[in-house]
Amino acid sequence: MKVKTDTPVRTQWFVVVSASFALMYFIFNCRSGYTIDDFTYRFIFERWRISDNPILITSARDIIPSMVTHYLVWSGRAPVHTVAQWLLLYDKMFFNVLNSLIIALLGLLVYLHINLGKKRRFLLYLAIHAMLWFFLPAPDHTILFLTGAVNYLWTAVFVLLFLLPFRVFFETRVEF
């Protein structure tokens, strides 16, 4: 009996690699603390940075005036920093779980953008995750610490998710 080359076992290996990397990042996230930026984003922005008498953010409603000031004074990354401030309202374990899933999703999205419409290649998928581990710049600041991860990692995932339907459309487009 001949075994098909595209069996469900292959899909299981993709799941195993994704889960393994997500677990690895979860462990690293659990062992990582907060940075000074994470501390800063716990407070309402009232000027360039937090004021001399900072006001702690205690609800999602507090984030709105903070991000308005942040946008007007500091930068245009208010949408991303809104997410960071929202995540800082919760226990860090919530972020640890979400961030681990996001980094695994990044590997999957990179794979889909490279390999869309082609035969599944497990070694490529494994190599992508390995390269993310070894070649992302300053992994502690870009994928582990809350504010940095939301700024860089999560934004990359949002962009790749946004581009995926266009990639699918142009890959499967029928010429008339």
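1. Start with helices α3 and α4. In this predicted model, the axis of α3 (residues 60-73) comes within 10 Å of the axis of α4, and the two cross at roughly 145°. The crossing is right-handed.

2. Which residues of α3 and α4 meet? From α3 come Ile 63, Ser 66, Met 67, His 70 and Tyr 71. Facing them in α4 are Ala 78, His 81, Thr 82, Gln 85 and Trp 86. Sorted by class, this contact has 5 nonpolar residues, 5 polar ones and no charged ones.

3. Gln 85 deserves a stop. Helix α4, which spans residues 78-87, holds this residue. Is Gln 85 buried or exposed? Its relative accessible area is 1%, and the cut-off for buried is under 20%, so Gln 85 counts as buried.

4. Now look at what surrounds Gln 85. Leaving aside residues up to four places away in sequence, Gln 85 touches Tyr 41, Phe 43, Phe 45, Ile 57, Ile 63, Ser 66 and Met 67. Ile 63, Ser 66 and Met 67 turn up again in the α3 side of the contact with α4. As for Ile 44, 41 residues separate it from Gln 85 in sequence, while their C-alpha atoms are 9.2 Å apart in space.

5. Next, helices α5 and α8. The axes of α5 (residues 92-115) and α8 (residues 146-172) come within 9 Å, crossing at roughly 35°. This crossing is left-handed.

6. On the α5 side, they include Phe 95, Leu 98, Asn 99, Ile 102, Leu 106, Leu 109 and His 113. On the α8 side, they include Leu 146, Ala 149, Trp 154, Val 157, Leu 161, Leu 164 and Arg 167. By class, the contact of α5 with α8 divides into 20 nonpolar, 2 polar and 1 charged.

7. Stepping back to the whole protein chain: how many helices and strands does it have? There are 8 helices and 0 strands. Read along the sequence, the pattern is α-α-α-α-α-α-α-α.

8. On overall dimensions, the C-alpha atoms fill a box of roughly 75 × 45 × 25 Å along the principal axes. The radius of gyration is 20 Å, whereas a compact globule of 176 residues would have one near 16 Å.

9. Last, burial, surface and contacts. Buried residues account for 39% of the 176 in the chain. The chain exposes about 10900 Å², with carbon and sulfur atoms supplying 71% of that area. Among contacts between residues at least 6 apart in sequence, 65% join residues at least 24 apart.

Terms used
Residues numbered from 1 in each chain as written. Predicted model: local features only at pLDDT ≥ 70, side-chain atom pairs only at ≥ 80, totals over all residues. Heavy atoms only, no water. Helix = DSSP H or I, 4+ residues; strand = E, 2+ residues; numbered from the N terminus. Buried < 20%, exposed > 50% of the residue type's maximum accessible area, 1.4 Å probe, protein only. Contact = heavy atoms within 4.5 Å. Axes fitted to C-alpha atoms, helices over the stretch in contact; angles between N-to-C directions. Left-handed = near helix turned anticlockwise from the far one by under 90°. Nonpolar A, V, L, I, M, F, W, Y, C, P; charged D, E, K, R; others polar. Rg over C-alpha atoms; globule rule 2.2 N^0.38 Å. Areas by Shrake-Rupley, 256 points an atom, 1.4 Å probe, with all protein chains shown as cover.
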